[in-house]
Amino acid sequence: MNTRALEAWFENDHRVMPWRQTRDPYKIWISEVMLQQTQVTTVIPYYERFIAKLPTVEALASAPEDVVLSLWSGLGYYSRARNLQKGAKYLVDNFGGTFPRDRETLLETPGIGPYTAGAILSIAFGLKVPIVDGNVQRVFARYYAWPDAIETKPSQNFFWEKAKEWVEASTDPRTLNQAIMELGATVCIKGKPKCGVCPLQKNCSAFTKDIQESLPVRKPKRDKVDLYWLAIRYRHGDRLWLERVPKGEWWEDLWDLPRDVFQEQTALNEKAEALRDSQDARRLGQKKHAVTHHRLHVTGLEVTMREPQSPQGTREGRWFPISEVFELPLSSLARKVLMLE
């Protein structure tokens with residue numbers, strides 16, 4: 001391994017991001033959790049808005065949950081936001097809002113796993129603690145020409161062992177860990193990597209064997225399941241009816257539009273026509289949305305209510321002024337449907 005070459009590459013070629021301008025462990029924590037399952041360009045405005053509103057561990061711990069979820073609204077995977085707040089409360093209650101610098105102690109914090117602990121300890125405090133995320137796995141799978149599916153336990157153990165070796169060999173673990181992730185995000189990318197500009201090219205086993213485009217090996221993906229949703233936008237004057245999503249469902253505790261779920265488009269169309277025949281309703285446009293291994297085909301329907309009563313068949317909810325709706329914690333899908341014409 002040549003950690004110094006990788007560190008030098010990062011120092012010269014890394015992307016500028018707001019969380020790279022700080023060593024505040026709280027800000028690094030927020031950014032790393034937001035970056036899980038989400039692209040950098042999407043995260044930046046969310047991160048800046050979140051930090052402006054909740055700039056400290058104490059502020060996050062004491063904030064109403066609806067405020068936290070509203071700041072997270074549109075990022076998806078809302079358990080991340082809830083676990084962040086649980087973790088903040090734990091740090092305030094047990095460590096006065098500071099971050100313990102021992103890995104095992106830090107791992108006891110809700111919402112902080114091995115990757116996040118490594119990011120906080122190495123980037124904020126310069127400690128030699130390994131990290132492994134999707135980008136790191138891709139770099140190591142190619143560098144070592146790892147032949148097995150990266151999701152397996154032996155593969156995960158291998159990647160963590162190598163990450164530990166690399167960070168312990170480094171003189172600058174803060175830079176080294178960020179460099180491996182950056183390399184995977186910008187050079188050792190999925191599909192066709194940019195080997196011509198890679199600082200690790202000379203020692204990369206996959207490049208030597210010309211198999212870099214076939215790595216890493218992944219387990220076969222699950223088949224996609226199609227679902228057809230009829231999202232109903234009940235309206236009374238300048239108010240809309242929204243309901244709380246029950247626990248155990250996608251987007252639990254967020255506000256959402258009432259919906260009916262079907263296995264095929266024909267059944268959805270029949271229900272929409274029945275509602276149009278019986279109520280003052282108009283059909284809206286359609287949106288597609290992906291959740292885990294599901295493909296959602298969503299059709300909007302707006303129903304005008306003469307009285308501000310609970311619409312028949314809906315769950316616990318309330319009427320909101322339209323001007324306030326987008327300040328609520330909403331899923332990105334709910335935002336899309338609310339904007340349908």
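Reply: Helices here are DSSP runs of H or I with at least four residues, strands are runs of E with at least two, and both are numbered from the N terminus; axes are lines fitted to C-alpha atoms, for helices over the stretch in contact, and angles run from 0 to 180 degrees between N-to-C directions. The model is predicted, with local features needing pLDDT of at least 70 and side-chain atom pairs pLDDT 80 or more, while totals for chains, interfaces and linings use all residues. Residues are numbered from 1 along each chain as its sequence is written, and side-chain values use heavy atoms, leaving out hydrogens and water.

Helix α9 (residues 134-143) packs against helix α10 (residues 153-169) at an angle of about 90 degrees, and their axes lie 10 Å apart. That makes α9 roughly perpendicular to α10, a word used for angles of 65 to 115 degrees. Q137, F140, A141 and Y143 of α9 meet Q156, F159, K162, A163 and W166 of α10, where contact means heavy atoms within 4.5 Å. Sorted by class, this contact of α9 with α10 holds 6 nonpolar, 2 polar and 1 charged residues.

Turning to the nonpolar cores (sets of buried Ala, Val, Leu, Ile, Met, Phe, Trp, Tyr and Cys residues joined through side-chain atoms within 4.5 Å), the largest has 93 residues, and Y26, W29, F50, L60 and F99 have the most contacts inside it. Helix α8 (residues 114-125) supplies the largest share of this core, 8 residues. Leaving aside residues up to four places away in sequence, L60 touches Y26, W29, I30, F50, L54, V68, L84, Q85 and A88. A second, separate core of 14 residues includes Y228, I232, W241 and L275.

Among the charged residues, there are 20 salt bridges, each a side-chain nitrogen of Lys or Arg within 4 Å of a carboxyl oxygen of Asp or Glu. One of them joins D253 to R82, with the closest N and O atoms 3.9 Å apart; because D253 lies in the loop between β2 (239-244) and β3 (255-256) and R82 in helix α6 (residues 79-95), the pair ties together parts 171 residues apart in sequence. D253 is buried at a relative accessible area of 15%, and R82 is buried at 14%, where buried means under 20%, exposed over 50% and partly exposed in between, with a 1.4 Å probe and protein chains only. R103 and E104 also meet in a salt bridge, at 3.2 Å from N to O, but R103 is partly exposed at 25% relative accessibility, as is E104 at 48%. R259 and D256, both buried, form a salt bridge whose closest N and O atoms are 2.6 Å apart, and a network of salt bridges links E243, E249, D256, R259 and R315.

Notes
Parallel < 35°, antiparallel > 145°, perpendicular 65-115°, else oblique. Nonpolar A, V, L, I, M, F, W, Y, C, P; charged D, E, K, R; others polar.
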